[in-house]
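Please read the following note with the model open beside it.

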Amino acid sequence: FAGDSILVREGEYHEYIELKDSVTLYSEGLDDGNFNRALRTKIHSEGLKDKDGKVPPVVNCADGSIIDGFEITGMDSINHHLPGHSHAVQNRGASGIIKNCIIHDNGSTGIGSHVREGHPANPTIIHNEVYNNLGIGIGFNRFSKGIASDNIVYGNRETGIGCQNGSSPLIERNVVYENGWNGIS
């Protein structure tokens, strides 16, 4: 229900998650600032398909949702240049908060957002490590806004932090290096 907080015990979870509006999903333990809490609670989705037979996001955010302190990995490779593709952590027509997560080795963009059917996308992406994703590390597209702050973004196949098609996020205090195309574009 809206306003609920769900504590996830340490461990590995082979699934994909669809968050609901104003629900907080957080991992067990204290945050030490070095992602040790995230390394103890892993969500991976290798080989999984949604009800339509498509590769789903590992985490699909919702308005006011929060995901805090997870390792998010294993999304199968998809053509992330086609309309309607999934991102590993997705804010499509949603404004969620993604924080204290490690998002790596996914077959698409690590964290992606854009407006959908008139619903804004204004995510808060703060203190995450995003690396080795097949597409963009953190992507803002289709008039999305939001904030990307205090993230470490490296080794992604394309751009580290990308903004296109009318997006206008605030990007501050990120460490961005060794991405395939550009650091911030």
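1. The largest nonpolar core has 27 residues, and those with the most contacts inside it are Val59, Ile67, Ile72, Ile98 and Ile103. A nonpolar core here is a set of buried Ala, Val, Leu, Ile, Met, Phe, Trp, Tyr and Cys residues joined through side-chain atoms within 4.5 Å, where buried means under 20% relative accessible area, exposed means over 50%, and partly exposed lies in between, with a 1.4 Å probe and protein chains only. A second, separate core of 5 residues includes Phe35, Ala38, Ile102 and Tyr154. In soluble globular proteins, nonpolar side chains tend to be buried together.

2. Before going further, please keep in mind that this is a predicted model, in which local features need pLDDT of at least 70 and side-chain atom pairs count only at pLDDT 80 or more, while totals for chains, interfaces and linings use all residues. Residues are numbered from 1 along each chain as its sequence is written, and side-chain values use heavy atoms, with hydrogens and water left out.

3. Ser108 lies in the loop between strand S11 (102-104) and strand S12 (111-114); strands (E, at least two residues) and helices (H or I, at least four) are DSSP runs, numbered from the N terminus.

4. His44 sits in strand S5 (residues 41-44) and, at 12% relative accessibility, counts as buried. Its side chain makes polar contacts with the side chains of Glu12, at 3.3 Å, and of Glu46, at 2.6 Å. A polar contact is a pair of N or O atoms within 3.5 Å; within protein, one must be able to donate a hydrogen and the other to accept it, and residues adjacent in sequence count only if both atoms are side-chain atoms.

5. How many disulfides does the structure hold? The structure holds 0 disulfides, a disulfide being a pair of cysteine sulfur atoms within 2.5 Å. The sulfur of Cys61, a buried residue at 6% relative accessible area, is 8.8 Å from the closest cysteine sulfur, in Cys101, and so is too far away for a bond. Cys163 is partly exposed at 27% relative accessibility, and its sulfur is 18 Å from the closest cysteine sulfur, in Cys61, again too far for a bond.
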